[in-house]
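Student: Could you walk me through this one, starting with the terms?

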Amino acid sequence: MFSHRQSRDYILQDMKVLREGKSIVDNLELHSYASGQLGWCITNKLPIYNKSQQVVAMVGISVDIDEDNERVLRKHARLAEVAQFVRAHLDQKINIAQLADLANLSVSQLERTFKAVLNMSPLQFVQKLRLEYAVKLLASHEVSVTQISLNCGYSDHSAFSRQFKQFTGLSPSQFRQTHLS
């Protein structure tokens, strides 16, 4: 069971797939479970066509990715180093080529390794850590949303708010009111 806002967003996703035949692939999402706990998943939704190439159904799967990443990363020194770098530089611009160099891998090797080990791309990993940090900062009502956006590596408040809403279905201020009051 999901909140009204979350369920509305999921229905809109479903309708886009069913009406437009557009697949949703590897979509990183922040869920709010019935317990109130927040959790991350990767969602895929694909249209199913009949012989006349009309969309007649949809198949979807969301895979939780909130395993103990620290435990998993201890077995992968290169990725652990990348994760440590990302956490230390959340307030700065981070590009995938920079992370690949740090891990002494090519960009494609880094992408494959992240997918195999953490079930997400390096970009999704950076986004996930930034948004987790934003949620943590939103708990402090003394920190403005503008300051949070800067602390999380966004050059402007509106880009942060758009991405935050894309992942959570709520603006940062709405999220603060709904989940952290």
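Tutor: Helices (H or I, at least four residues) and strands (E, at least two) are DSSP runs, numbered from the N terminus. This is a predicted model, where local features need pLDDT of at least 70 and side-chain atom pairs 80 or more, while totals for chains, interfaces and linings use all residues. Residues count from 1 along each chain as its sequence is written, and side-chain values use heavy atoms, without hydrogens or water.

Student: Which element gives the largest share of the lining of the largest pocket?

Tutor: A pocket is an open set of 1 Å grid points where a 1.4 Å probe fits, with protein on both sides within 12 Å along at least five of seven lines; lining residues have an atom within 4 Å of a point. Here 16 residues line the largest pocket, and Asp9, Gln13, Asn27, Glu29 and Gln166 lie nearest its centre. Two or more lining residues come from each of α1 (4-20), β1 (24-32) and α8 (157-168). The largest share, six residues, belongs to α1.

Student: Which residues of α4 does α3 meet?

Tutor: Contact means heavy atoms within 4.5 Å. On the α3 side you'll find Arg78, Glu81, Val82, Phe85 and Val86. Their partners in α4 are Gln98, Leu99, Leu102 and Ala103.
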